[in-house]
Amino acid sequence: MFNNIFVKPIIALFLFVLIFACSKDEDPEPAHEEEIVTLVTLEVSKVGSSETIKYNFEVEGHDHDDHEEEEEDDDHDDHDGEHTEIELEANSSYNVSMFIYNDTDPNNIENITQEIIEEKDEHQVFYAITDELSGFSIEPASDDTVDSNGNSLYIKTTWTTTGETSGDVVGYLIHEPTQKTGTTRTDFGGATDFEIDFEVHVE
Amino acid sequence: MISLFRFIAELFNLKSKNSKCLNFYSLKKTAAGVSLLAASFCYCQKCDLQFEGQILDLHDNSPISLAVVQVLDSDQTVFSDYNGFFKFESQCSGKIKCKISHLNCQDLYLELDINKSVFKKIYLEHHIESLDEVIIEDSKIKDLLSTASAYSLSSLQKDNYSGKGLANALEQISGVNILTTGNVISKPMIHGMFGSRVGIIYDGVQIENQQWGQDHAPNVDLNAFEEIRLIKGAGVLKYSGDTPGGIIVLENTLPKINDSLYGKSILSGSTNGRGLNIVSSWIKSYNSGNYFKAQALVKRYGDFSAPEYVLSNSGTDENNISLTFGKNKILSQWKTNFSYFSQEIGILRSSHIGNVNDLVYAIESAKPIIIKPFDHEIDLPKQVNKHYTIGVQYSKRDKSNGKLNAKYSWQRNNRREYDVRRGELKNKPAIDLTLNTHDLLSNYQWEKSNWSLDSGVFFQIQDNYSDPETGTRRLIPDYLKTELGTYSTASLTPSNNFSLAFGFRFSHQNNHIKKYYKNKRWNEENYQDKLGDFVINEVLSQKLVEQRLIFNNLSMNTGVKFALSERLNLSLNLFHTERAPDIAEMFSDGLHHSLATIEYGNPFLRNEVTQKVVVNFEKEIGNFTYNISPYLVNGQNYIIIEPTGIEYTIRGSFPVWEYRAVSSTIRGVDLDFSFDFNNTIKIRNSSSWIEGFEKLSKTPLINIPPFKSSNYIQFSIPKLKSLFMTISSKSILRQNQFPNHNFETSVVENGVRLNKLVDISTPPRSYHLFGAEFHWGPYPFFSNNINLSLIFDNIFNSSYRNYLNRLRFYADEMGRNVMLQIKIYH
């Protein structure tokens with residue numbers, strides 16, 4: 001009786017396991033990270049000049065570069081990624097346009113800027129200027145996007161320098177801000193989509 | 001699927017072959033057999049055959065005396081003797097018709113073809129009315145473990161929480177806490193352990209609903225079950241061997257065996273959340289033992305409120321239905337059930353943040369950053385969970401008082417988590433996991449007066465599918481898990497004041513995983529050395545790794561229980577538990593928005609082994625009863641998650657939390673006492689203290705509940721028989737033992753760069769909550785009975801935060817709630 005009750009089901013179970021071999025047959029599709037910002041570009045051109053300098057800021061998504069042979073130790077401390085410095089001349093004005101991309105798939109780089117402009121009421125770019133950068137100001141450009149309440153989005157801005165100085169400008173893209181104007185990050189509420197330190201040198 | 005069904009059919013087929021040995025009309029050789037066999041060669045009618053037999057009770061094999069045995073053709077009648085024997089002489093060969101009747105039994109008609117003298121055992125079934133007793137005996141909720149105390153919820157305790165979910169209901173038991181994410185998502189925590197370390201068994205199988213996550217509440221409706229019991233220990237090896245925390249068993253009692261229609265409906269309305277909860281369950285039973293049960297729940301809650309503000313987007317909707325159809329007979333029972341659970345839960349809007357600096361602002365702000373007026377809408381972020389169950393169960397008793405059970409169950413769980421997203425992704429879930437689990441179980445139980453044995457085999461196949469359409473990295477990879485095992489448990493009660501139990505459970509687990517690793521992470525962790533051989537594809541700077549991981553677990557327990565005197569019980573239980581690491585613990589990979597943490601699994605984890613000792617000391621002195629239960633858990637390879645660094649991206653900085661195995665110790669004591677003043681006032685207290693730490697570094701473990709003490713005073717006024725009330729107070733002290741996971745982050749505030757401490761570790765201060773309950777009834781209401789309850793929670797509307805709430809950084813807990821409940825028994 002013992003045999004009947006136990007042995008047969010066990011044999012059946014083992015057969016079942018054998019027959020089905022329990023494998024995931026098809027490979028899962030790779031997931032496209034559709035939403036994330038992996039690359040932010042600032043296109044800086046001096047007012048009155050036709051020359052445009054592009055500054056790229058990326059940390060995530062640049063690992064398809066093969067030249068990752070930097071010293072290991074540096075990798076841990078170098079947490080701001082590449083230190084890209086923005087060089088500006090004193091007593092000048094610059095037009096700065098921001099472009100936002102997702103380049104996770106190098107064959108299909110997504111430009112998110114347009115999407116942000118379309119959803120202008122739900123987004124806000126904010127530049128926090130550190131006190132070290134004295135005499136430096138950022139105003140929305142005349143061709144900047146304005147949301148339905150008349151607030152500039154700060155996608156296109158004019159940067160004005162006076163004397164020689166250097167310091168950080170922190171650029172934020174804020175998703176669903178509770179308030180669209182303010183002088184410091186906390187005034188806006190919302191969730192930070194990106195937060196980048198731009199190191200500015202005015203010479 | 002089809003093949004699975006075929007397999008089940010095959011299994012049942014095997015069972016029916018088995019039952020040959022249990023054939024109730026087995027023939028027995030008689031002494032005269034040989035000679036009569038010779039006689040039967042002659043084809044003429046012989047009238048010198050003997051027909052004798054024994055009449056036995058179908059249910060317990062005992063002889064039935066004074067049964068009337070009638071040969072209908074010849075009108076001969078005899079009675080069975082004291083031992084159930086009867087005898088007819090000089091029968092003619094050929095067909096005879098018999099009728100066997102007895103006062104307590106159903107008449108049995110029997111047709112026999114005799115061509116030789118026969119001896120026949122005849123089993124009589126009780127009258128269907130008296131069958132009830134048998135069923136009652138059978139349906140009596142048996143001890144889960146004879147040497148450990150099971151804590152069960154009374155039906156009042158259960159009904160009071162009909163709208164709040166399983167975990168909240170269980171929190172009434174000492175040593176049980178709830179780990180929450182906001183107000184609705186709550187999971188039970190037993191002895192400081194939760195998730196995969198706590199098993200929830202419903203209808204005999206463990207619920208598989210991605211229980212690993214802290215923000216994954218069990219997808220089960222407590223209202224669908226009549227009995228809710230809990231064992232603080234891994235003792236119920238019949239159901240699970242990998243749950244050192246404890247086990248929660250949800251069961252249904254067997255319905256009545258008579259023609260009736262009965263049930264219960266509960267209607268509750270709450271002020272906080274302005275919600276409504278309706279539960280109704282109906283059972284239609286028949287004389288034949290057939291029954292049909294239907295149960296449904298509808299729940300609608302809007303935003304809950306803290307004392308000072310609305311907790312925007314914290315509402316919830318739930319719709320559940322379960323249907324059961326079955327038949328109970330003396331010797332066999334079968335049951336098939338279907339259940340559907342669907343839940344939509346709003347996640348506090350303010351808790352959806354972008355990066356760590358947002359978290360700093362949230363912690364600094366006394367109020368949630370987003371407070372909107374109350375509404376019933378469930379907006380983003382939210383969770384939508386669906387759980388389907390289909391089960392078929394069959395059990396059969398045999399003459400030796402054994403019982404064979406077989407069960408198949410299919411569970412399908414779909415979890416969708418929606419984040420606040422941009423553009424066309426807005427209505428796409430960020431997590432979309434579908435988990436299909438098939439369980440096949442078979443066991444055999446023997447029960448004798450002073451011992452019992454239960455042994456069985458189980459097989460599980462589980463498939464997880466993570467939809468790539470989400471446009472996010474998979475938090476959990478696709479996997480297929482196969483588990484096969486066996487268990488045996490035994491209990492012995494040599495005397496009335498001593499019992500002994502032991503058991504083991506072995507399981508073999510085979511996980512087949514296909515996971516994408518980002519090259520960045522791959523290189524940082526040097527996975528190439530160990531996992532390089534398993535790479536099967538490389539695409540979009542991700543590597544697809546295929547792995548087959550095998551785990552063998554052997555869990556054991558043993559326990560003794562002494563009745564030292566009539567009113568003093570002492571029990572000691574030892575549990576050795578082996579748990580295979582969860583897929584989440586090994587392979588999770590993703591961002592948690594509520595804490596702005598990136599979570600990584602550890603693919604090299606090994607079995608977690610724990611030993612647990614639970615002592616239970618129960619004493620009754622007159623009206624005073626107390627129960628002290630100290631316990632100690634010793635863990636090797638105890639899997640914990642903790643911060644290991646910070647990942648800097650252009651989205652901001654994110655602390656990285658990784659799984660790691662440590663040696664750990666958890667110890668504590670649960671205390672319950674009650675005192676009864678001449679039946680009008682009853683005082684009850686439940687307290688629990690616990691601490692847990694990593695052995696080597698003595699670092700406290702995270703999310704260990706602080707000291708908690710609950711007091712209840714119950715009044716009943718003798719003149720007003722239909723009213724009783726309870727006043728309760730709950731004190732929760734501050735947790736002073738916590739790991740310090742604080743870190744600093746750099747923020748720019750008003751033009752100044754500052755380093756700010758991100759205090760994610762410091763537990764909130766202690767708090768006291770008061771509540772009151774008033775219960776009226778039962779009153780006759782048409783042909784039914786009606787009960788009314790008025791329940792006040794957090795009566796003084798105090799503002800507090802709970803250490804075990806994952807969203808404690810963002811908002812206070814719920815304020816005052818008044819609930820009116822109408823209960824109708826029909």
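My entries below go from ground rules to chain A and then chain B.

**Ground rules.** I am working with a predicted model, where local features need pLDDT of at least 70, side-chain atom pairs count only at pLDDT 80 or more, and totals for chains, interfaces and linings use all residues. Residues are numbered from 1 along each chain as its sequence is written, while chains are lettered from A and ligands numbered from 1 in the order in which they are written.

**Chain A, a sheet.** I looked up an open sheet of four strands, ordered β3-β10-β9-β6 in chain A, with mixed pairing. Its edge strands are β3 (85–88) and β6 (123–129) of chain A, each pairing on one side only. On average, neighbouring strands in this sheet are turned by 30° against each other, direction ignored. For my own reference, strands are DSSP runs (E, at least two residues) and helices are too (H or I, at least four), numbered from the N terminus; two strands pair if DSSP finds at least two bridges between them. The angles come from axes fitted to C-alpha atoms (for helices, over the stretch in contact) and run from 0 to 180 degrees between N-to-C directions.

I then checked β9 (165–175) and β10 (191–202) of chain A: they run antiparallel and are joined by 11 bridges. A:Asp168 has A:Glu199 in β10(A) as its bridge partner.

**Chain B, domains.** The assignment, automatic or from a database, gives chain B domain 1 (2–126), domain 2 (133–250) and domain 3 (251–825). I found the C-alpha centres of domain 2 and domain 3 of chain B to be 8 Å apart. Between them, 58 residues of domain 2 of chain B are in contact with 101 residues of domain 3 of chain B (contact is C-beta atoms, placed from the backbone, within 7 Å). On the domain 2 side of chain B that touches domain 3, β9(B) gives the most, with five residues.

**Chain B, a hairpin.** β39 (743–749) and β40 (752–758) of chain B pair in the antiparallel sense over seven bridges. They form a hairpin with two residues between them, and B:Asn750 in the turn has a positive phi of about 50°. B:Ser746 stands opposite B:Asn755 in β40(B).

Is B:Lys448 buried or exposed? B:Lys448 counts as exposed because it has 12 C-beta neighbours inside 10 Å; the cut-offs are 12 or fewer for exposed, 20 or more for buried, partly exposed in between, with C-beta atoms placed from the backbone. I located B:Lys448 in the loop between β24 (431–447) and β25 (451–466) of chain B.

How values were computed:
Contact = placed C-beta atoms within 7 Å.
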